[in-house]
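Me: Hi! I have a model open and would like to talk it through with you. Can you help me read it?

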Amino acid sequence: MKEFITHSREETVLLAEKFSKTLKKGDLIAFFGDLGAGKTAFVSGISKGLGCSDAYSPTFAIVNDYGGEIPLIHFDMYRISTWDDLESTGYFDYLERGSIICVEWSENIVNALPDKYIRIDISKLENENDRKIVITGAENEDFSD
């Protein structure tokens, strides 16, 4: 487990860019945190670090494919409440493709997460721009420098 404090959206994106260099084909990153915590900002940094197209919140589309050498797939499970809803997103198909998958609102699908995944908890701190980011399950946690 590794814990970070960022003081702006830009710092969160930069941390995620560095983190992206540790990712490999088939990794799933499960994000947990309140609305506006910075989950999409973190995914934007991952996308940037992997050389993919710009990430944005897929709330209405539920899933976005940003391409890349190893495709980056971004799910927003905010509106997912049933197993049928989840199946209709194509989530299970994407798990078998070997893409890097980022899942926002993972708390809504926790029972469908694979046995092995990277968990990222993001929480707002007292200062409105500060975020506490806790990363658990990453194979290489030496990416902050």
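Me: Which strand does asparagine 64 lie in?
Reply: Asparagine 64 lies in strand S3, residues 63-65. Strands are DSSP runs of E with at least two residues, helices are runs of H or I with at least four, and both are numbered from the N terminus. This is a predicted model, where local features need pLDDT of at least 70, side-chain atom pairs count only at pLDDT 80 or more, and totals for chains, interfaces and linings use all residues. Residues are numbered from 1 along each chain as its sequence is written, and side-chain values use heavy atoms, with hydrogens and water left out.

Me: Is asparagine 64 buried or exposed?
Reply: Asparagine 64 is buried, at a relative accessible area of 7%. Buried means under 20%, exposed over 50% and partly exposed in between, with a 1.4 Å probe and protein chains only.

Me: OK, new topic: how many residues of H2 are buried?
Reply: In H2, 9 of its 11 residues are buried, so the helix is mostly covered. Among them are Lys39, Phe42 and Ile46.

Me: And what covers the buried residues of H2?
Reply: The cover includes H1, strand S2 (28-32) and strand S4 (72-76), along with S5, S6 and S7. Contact here means heavy atoms within 4.5 Å.

Me: What is there just after H2?
Reply: Glycine 51 follows there, with a positive phi of about 75°.
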